[in-house]
Amino acid sequence: MKIAVITGASSGMGKAFTKQIDEKYQELDEIWVIARKKEGLEGLKKEISKLRILPMDLTDRQALEEFSTLLKREKPCIQILVESAGMGIQKKIEDTAVDDLRRMTELNCTALTAFVAMCLPYCEKGSRILCLASGAAFVPQPSFAVYAASKSYVLSFARALGAEQKGRIVVTAVCPGPVDTPFLEKMGGKENMPFYKKPFIADAEAVVKKALKDSERGREISVYGFAMKALRAVCKIVPIRLLLRFM
């Protein structure tokens with residue numbers, strides 16, 4: 001059984017990935033979609049019949065064990081794995097609850113790592129993994145410190161995994177700027193974001209379309225839009241201390 005597995009699938013980027021993968025890869029027998037809220041997944045299944053909905057919290061160790069049992073029982077061939085589950089809070093560390101800080105790193109880093117490792121044995125030569133990092137991975141960001149640091153981890157992890165799996169699996173780190181999704185609204189919306197981030201706001205459908213193309217081409221990083229590509233170049237040559245002063 002050939003499948004795609006998509007985390008964070010009930011809204012935003014995960015939902016866009018689910019719809020485009022369904023349209024683009026007709027050879028898939030099923031698309032397994034994962035999110036905490038069952039209602040969002042059920043709504044998506046009304047649009048896409050081949051979905052298998054798996055409501056679960058990726059930070060719950062018991063839930064991961066149950067998913068591992070499902071893999072062992074079904075023995076699917078995972079052709080595409082999209083890790084788009086994530087959490088972000090735009091506040092100073094001192095103004096953020098410790099539990100929220102911990103949950104960010106657990107979901108964005110620890111759970112992602114465990115989930116990818118769990119799925120690897122079910123991938124075959126030619127399979128593809130897309131890990132949703134962020135343009136925030138390119139530079140430390142005051143008032144977004146933990147999120148940016150966690151996405152730097154995702155970027156580093158994806159690139160190293162891709163090197164380990166070279167010749168077998170393509171691993172692509174997807175690094176967009178702010179994307180116009182409900183995730184952006186949860187962090188205060190466009191109106192309240194720093195002025196220097198507004199030019200980087202991107203459309204989710206366009207980001208996903210480019211990410212899938214870049215993955216097909218075997219690229220290790222997918223960066224959408226000229227502005228974000230320019231930022232990445234600047235972050236390579238301008239000292240971090242100067243960038244932090246600007247922010």
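Predicted model: local features only at pLDDT ≥ 70, side-chain atom pairs only at ≥ 80, totals over all residues.
Trainee: How are the axes of helix H4 and helix H5 oriented, roughly parallel or roughly antiparallel?

Mentor: Helix H4, spanning residues 98-119, packs against helix H5, spanning residues 145-164, with the axes 9 Å apart and at an angle of about 10°. Because angles under 35 degrees count as roughly parallel, the orientation of H4 relative to H5 is roughly parallel.

Trainee: Into which classes do the residues of the contact of H4 with H5 divide, and how many are nonpolar?

Mentor: From H4 the contact draws on residues including Leu101, Met104, Leu112 and Val116, while H5 supplies, among others, Val146, Lys151, Phe157 and Leu161. Sorted by class, the residues of this contact comprise one charged, four polar and, for the class you ask about, eleven nonpolar.

Trainee: Is Lys91 buried, partly exposed or exposed?

Mentor: Lys91 sits in the loop between strand S4 (77-83) and H4, where, leaving aside residues up to four places away in sequence, Lys91 touches Thr96, Ser143 and Phe144. The C-alpha atoms of Lys91 and Pro142 are 8.4 Å apart, although 51 residues separate the two in sequence. Since the relative accessibility of Lys91 is 47%, and exposed would require over 50%, Lys91 counts as partly exposed.

Methods
Residues numbered from 1 in each chain as written. Heavy atoms only, no water. Axes fitted to C-alpha atoms, helices over the stretch in contact; angles between N-to-C directions. Helix = DSSP H or I, 4+ residues; strand = E, 2+ residues; numbered from the N terminus. Parallel < 35°, antiparallel > 145°, perpendicular 65-115°, else oblique. Contact = heavy atoms within 4.5 Å. Nonpolar A, V, L, I, M, F, W, Y, C, P; charged D, E, K, R; others polar. Buried < 20%, exposed > 50% of the residue type's maximum accessible area, 1.4 Å probe, protein only.
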